[in-house]
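Trainee: I would like a close look at one part of this model. Please take me through the metal site and what surrounds it.

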Amino acid sequence: MRAEPGQAPTWALDLDGVVWLAGRALPGAAQAVAVVRSAGRRVVFLTNNSGPLLREHVAALGAVGIPCGPEDVATSAQAAAALLEPGSRVAMVGDRGLAEALADRALDVVAPDDHPAALVVGRTLQLDYAELSAAATAVREGARFIATNTDATFPTPERLLPGAGAVVAFVATAAGRQPEVAGKPGTAMVELVDRRYGGVEWMVGDRADTDGAFARLAGARFGLVLSGVTKATDLPVEPSPDLVADDLAGLVGSVLGLAPPPVTAP
Ligand SMILES: [Mg+2]
């Protein structure tokens with residue numbers, strides 16, 4: 001998508017599998033971001049990870065050498081909250097980042113068994129059968145059902161862990177209904193990004209089904225990196241990337257025609 005006059009073209013970077021794996025920086029990522037910025041582009045971070053607080057995302061980026069502010073980070077939790085009218089009664093299954101986004105939207109957060117008008121489900125590390133059962137009942141009784149995202153997995157340096165999609169599937173299966181998806185590739189995330197940043201020139205991610213589909217909806221080019229969920233043996237993927245690179249540093253070098261500065265040990 002074309003930037004507004006006077007506005008820097010925006011590069012949107014996914015976090016998990018692009019910038020880091022479970023917070024452990026991927027080699028060359030910070031230098032690559034610096035190269036994009038020095039080429040006159042704004043860099044923003046679009047994550048489907050609804051777990052951390054916004055300030056934790058910002059602190060984690062700073063810790064790997066990527067200074068930014070909260071306005072540079074858009075999460076699936078924020079996209080989910082944006083779908084709901086302030087003041088409406090909503091229940092959640094998720095972690096602190098989702099609670100923060102719902103509070104920032106001035107939603108009235110109630111327990112799943114307290115007849116919410118909507119239920120938002122994200123990734124949580126504290127699975128509770130009774131809570132999930134109440135959540136499924138709320139959906140079966142008519143609550144609007146929103147998933148922060150439906151990523152099947154979450155990449156870490158050691159292995160893939162179950163993602164939000166696995167938690168969402170529990171509720172969807174028990175309730176017999178599929179959710180609206182807010183984060184990538186949901187339209188709520190596209191609209192959030194359009195409102196905030198005025199569109200995206202490049203979307204760089206490690207998943208075609210989320211990052212690639214988002215790029216198509218947002219009118220952005222899709223750069224696929226093989227440093228996260230998707231491996232070379234998984235290719236080809238749909239939507240087809242505009243460019244495939246081993247990692248962010250390689251992709252930035254190809255697109256901007258610049259070699260990133262040499263990687264130095266932290
Ligand atoms: Mg990712």
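Trainee: Does D206 count as buried or exposed, and at what relative accessibility?

Mentor: This is a predicted model. D206 counts as buried, because its relative accessibility is 2%, and the cut-off for buried is under 20%. D206 is one of the residues that coordinate the magnesium ion. The donors are D14 (OD), D16 (O) and D206 (OD), at 2.1 to 2.2 Å. Along the chain they follow the spacing D-x1-D-x189-D. The pair D14 and D206 links distant parts of the chain, 192 residues apart. D14 sits in the loop between β1 (10-13) and β2 (20-21). D206 sits in the loop between β13 (202-205) and α8 (208-218). D14 also counts as buried, because its relative accessibility is 6%.

β1 and β13 pair in the parallel sense, over three bridges. L13 has V204 of β13 as its bridge partner. Both strands belong to an open sheet of six strands, ordered β5-β4-β1-β13-β14-β15, with parallel pairing. β5 (73-75) and β15 (243-245) stand at the edges. Each has a single partner strand, so one side of each is left without a neighbour in the sheet. From one strand to the next, the twist averages 20°.

Definitions and conventions
Residues numbered from 1 in each chain as written. Predicted model: local features only at pLDDT ≥ 70, side-chain atom pairs only at ≥ 80, totals over all residues. Heavy atoms only, no water. Donors = N, O, S within 2.8 Å, 3.2 Å for Na, K, Ca; no water. Helix = DSSP H or I, 4+ residues; strand = E, 2+ residues; numbered from the N terminus. Buried < 20%, exposed > 50% of the residue type's maximum accessible area, 1.4 Å probe, protein only. Pairing = 2+ DSSP bridges. Axes fitted to C-alpha atoms, helices over the stretch in contact; angles between N-to-C directions.
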